[in-house]
Amino acid sequence: MLKLIRKIVITGPESSGKTTLVKSLAAQYSCYNVDEFAREYLTDFVGDYAFEDVLTMAKKQLDLEILAEENNSKYLFLDTDLLVFKVWIKEKYNKEIDWIESHLKSNKDKV
C-alpha cells in the first residue's frame, strides 16, 4: 500500500521562528518534524565552513527527512529542505548539484 505523506516546509530568514512553528504544528497534528541539521552541524564548528561541509549538511538533512517519512503518519513538518540547500549552494558557490536537482525533480513529480 502506498503511503501518502504531506511534507510541509516552513521557510524564511534566520531566527524568524521556523523551528518553533514546525514543532508546534507537529505537536498539534501528532506527527514528526525534522529539525534543521545545519544548525546542529554549525553550532560547534570552528572556522569557516567549506563547500564540502554544505554538501555534508544537505545529505544528512535528506537522510533525516527520509527516516522521518518512514516513521510518519500523515504529515511531516520541516524547517528546511533540499531546496534551501540548492539556493544556498547556488548563491554562495554558483554551483548546481546533480543529486540535489534529481531529488527535487523526483519529489516534484510526486505532487
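Is Phe77 buried or exposed? In this predicted model, Phe77 has a relative accessible area of 4% and is therefore buried, since the limit for that class is under 20%.

1. Aromatic pairs around Phe77. The structure holds eight aromatic pairs. In one of them, the ring centres of Tyr75 and Phe77 lie 6.2 Å apart with the planes at 35°, so this pair is tilted. Tyr75, with 23% relative accessibility, counts as partly exposed, whereas Phe77 is buried. Together with Tyr29, these two residues form one aromatic cluster.

2. The pair within helix 4. Phe85 and Trp88 make a stacked aromatic pair, with 5.5 Å from centre to centre and 25° between the planes. Both residues belong to helix 4, where they are three residues apart, about one turn of the helix. Phe85 counts as buried, at 2% relative accessibility.

3. Packing of helix 3 and helix 4. The axes of helix 3 (residues 51-71) and helix 4 (residues 82-93) come within 10 Å and cross at roughly 170°; because angles over 145 degrees count as roughly antiparallel, the two helices are assigned to that class. On the side of helix 3, the contact involves Phe51, Val54, Leu55, Met57, Ala58, Gln61 and Leu62, which meet Leu82, Phe85, Trp88, Ile89 and Tyr93 of helix 4. The residues of this contact comprise eleven nonpolar, one polar and no charged. Phe85 and Trp88, the stacked pair described above, are thus also among the contact residues of helix 4.

Notes:
Residues are numbered from 1 along each chain as its sequence is written. This is a predicted model: local features need pLDDT of at least 70, side-chain atom pairs count only at pLDDT 80 or more; totals for chains, interfaces and linings use all residues. Side-chain values use heavy atoms; hydrogens and water are left out. Axes are lines fitted to C-alpha atoms, for helices over the stretch in contact, and angles run from 0 to 180 degrees between N-to-C directions. Helices (H or I, at least four residues) and strands (E, at least two) are DSSP runs, numbered from the N terminus. Angles under 35 degrees count as roughly parallel, over 145 as roughly antiparallel, 65 to 115 as roughly perpendicular and the rest as oblique. Contact means heavy atoms within 4.5 Å. Ala, Val, Leu, Ile, Met, Phe, Trp, Tyr, Cys and Pro count as nonpolar, Asp, Glu, Lys and Arg as charged, and the others, Gly among them, as polar. Rings of Phe, Tyr and Trp (its six-membered ring) pair if their centres lie within 6.5 Å; planes under 30 degrees apart count as stacked, over 60 as edge-to-face and the rest as tilted. Buried means under 20% relative accessible area, exposed over 50%, partly exposed in between (1.4 Å probe, protein chains only).
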